[in-house]
Amino acid sequence: MKTRTTFLLLLSLFVAGGAFAQKFITKTGYIRFYSEAPLEKIEANNHVVNSALDLSTGGFVFKVLMKSFEFQKALMQEHFNENYVESDKFPNATFAGTLTNFKEINVGKEGVYEANAEGKLTIHGVTRDIKVKGTFEARQGKLIGKAKFNLTVADFNITIPGNVINNIAKTVEVTVELTMDKAGM
Amino acid sequence: MKTWMKIVLGLAAVGLLAAFLVYTFLFNKKHPDYEKLPAAYSLTARELYDAFVKSPEAASSKYTGKVIEVRGILGKTETADSTVIAVFVFHQGDFGDEGVRCSMLPKYSQEAQRLQPDGEVRFKGYCTGFTGDVVLEKCSIILQ
């Protein structure tokens with residue numbers, strides 16, 4: 001409930017931002033989970049990630065549908081949803097935070113800018129503070145965001161059964177790619 | 001060959017066959033063919049959207065993870081990378097159009113791109129949840 005409140009509070013910053021706020025959105029963001037373990041490499045891709053960024057406040061939010069992660073192996077996708085992330089109980093992962101250096105990003109001047117995001121990441125009903133470094137490229141009025149970071153599965157109370165633990169690494173590499181358009185375009 | 005050896009070899013062969021079948025059918029299990037699966041629910045896109053807006057948790061319990069058939073007036077189509085997304089638009093939010101978004105299966109991409117806005121359409125897809133839009137994936141076109 002506390003996490004949902006934080007997420008909604010940050011979302012409300014976008015509403016209160018007003019007509020001249022520089023809001024950028026995407027509904028087709030991409031997130032990849034990748035793990036490499038002794039027995040297997042596992043990769044899951046999600047192409048329908050929602051994200052919104054307000055460059056007037058730095059407010060930065062993500063909403064990720066867990067059932068939209070696609071695995072090559074159907075059985076692994078089943079286990080991911082039913083046993084690991086329990087997506088029936090926890091259908092979304094969210095990030096609610098800020099781009100701390102938002103003032104340095106000039107959409108009107110094309111180029112690649114460093115992007116430092118901090119905030120609360122919630123997966124499987126567990127919320128953790130995270131800091132992520134990435135980049136935003138300003139190109140033709142759009143913002144193209146990229147980041148790569150690691151997450152420890154156990155930090156989110158995700159338990160991997162003993163019989164498959166050698167198939168799945170304890171640390172998962174997360175890749176994020178967003179092409180964000182100005183809201184209202 | 002002694003009888004007990006024949007029994008052991010027979011059991012070993014059965015065990016190997018069972019392991020092979022488990023490997024083939026379980027570990028190599030194919031993803032569902034959402035185009036062929038029957039829809040658990042058939043309703044208008046408006047009804048589906050309103051259900052999630054009114055009560056996200058109740059609608060999620062009912063529709064998320066299910067194959068849904070939706071019909072209604074097409075708002076627009078979008079393309080993201082090589083995926084065509086057909087959108088039923090019901091609300092203008094702070095983040096743009098909101099409604100029901102259907103990501104088409106690749107075999108329906110070209111057909112979906114030819115769909116005209118304001119035309120009656122019917123799609124079937126797998127509901128993955130609600131982000132402010134109801135999201136259906138692996139969508140097929142049933143009626144143009």
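I started at a tyrosine: the side chain of A:Tyr113 reaches the backbone oxygen of A:Asn106 at 3.1 Å. I'm using polar contact for a pair of N or O atoms within 3.5 Å; within protein, one must be able to donate a hydrogen and the other to accept it, and residues adjacent in sequence count only if both atoms are side-chain atoms.

Before going on, a note on ground rules: this is a predicted model, so local features need pLDDT of at least 70 and side-chain atom pairs count only at pLDDT 80 or more, while totals for chains, interfaces and linings use all residues. Residues are numbered from 1 along each chain as its sequence is written, chains are lettered from A and ligands numbered from 1 in the order in which they are written, and side-chain values use heavy atoms, with hydrogens and water left out.

**Entry: around A:Tyr113**

I placed A:Tyr113 in strand E6 of chain A, residues 111-123. Strands (E, at least two residues) and helices (H or I, at least four) are DSSP runs, numbered from the N terminus. Is A:Tyr113 buried or exposed? A:Tyr113 counts as buried, because its relative accessibility is 15%. My cut-offs are under 20% relative accessible area for buried, over 50% for exposed and partly exposed in between (1.4 Å probe, protein chains only).

I then listed what A:Tyr113 touches, leaving out residues up to four places away in sequence: A:Glu104, A:Ile105, A:Asn106, A:Gly134, A:Thr135, A:Phe136 and A:Ala138. Contact here means heavy atoms within 4.5 Å. I also checked A:Phe102, eleven residues from A:Tyr113 along the chain; their C-alpha atoms are separated by 9.7 Å.

**Entry: chain A overall**

Chain A has two helices and nine strands, and I read the order along the sequence as α-β-β-β-β-α-β-β-β-β-β. Of its 185 residues, 52% are buried. I looked at contacts in chain A between residues at least 6 apart in sequence, and 61% of them join residues at least 24 apart.

Confidence next. The mean pLDDT (the predictor's confidence in each residue, from 0 to 100) of chain A is 87, and 83% of its residues reach 70 or more. Over residues 15-20 of chain A the pLDDT is below 50, and beyond near neighbours in sequence this stretch has three contacts in the model.

**Entry: salt bridges**

My search of the whole structure gave 17 salt bridges over all chains. The rule is a side-chain nitrogen of Lys or Arg within 4 Å of a carboxyl oxygen of Asp or Glu.

In chain A I noted A:Glu43 with A:Arg32, closest N and O atoms 3.5 Å apart. A:Glu43 lies in strand E2 (residues 41-54) and A:Arg32 in strand E1 (residues 23-36), so the pair ties together parts of chain A eleven residues apart in sequence. A:Glu43 is partly exposed at 34%, whereas A:Arg32 is buried at 17%. I also wrote down A:Arg139 with A:Glu137 at 3.1 Å, N to O. Both count as partly exposed, A:Arg139 at 39% and A:Glu137 at 23%.

In chain B I went to B:Glu69, in strand E2 (residues 67-73). Which residue pairs with B:Glu69 in a salt bridge? B:Arg122 does, the closest N and O atoms being 2.8 Å apart. B:Arg122 lies in strand E6 of chain B and B:Glu69 in strand E2, so this pair ties together parts 53 residues apart in sequence. B:Arg122 is partly exposed at 23%; B:Glu69 is buried at 17%. Salt bridges that share partners also join B:Lys76, B:Glu78, B:Asp97 and B:Arg101 into one network.

The side chain of B:Glu69 makes a polar contact with the side chain of B:Ser42 as well, at 3.4 Å.

**Entry: where B meets A**

The contact takes 26 residues from chain B and 25 from chain A. Together they bury about 2,100 Å², 56% of it on carbon and sulfur atoms. Buried area is the accessible area (1.4 Å probe) that two parts lose on being put together, summed over both. B:His31, B:Phe95 and B:Thr131 supply 31% of the area chain B buries against chain A, more than any other three residues.

I found three salt bridges across this interface. A:Glu70 forms a salt bridge with B:Lys138, closest N and O atoms 3.0 Å apart.
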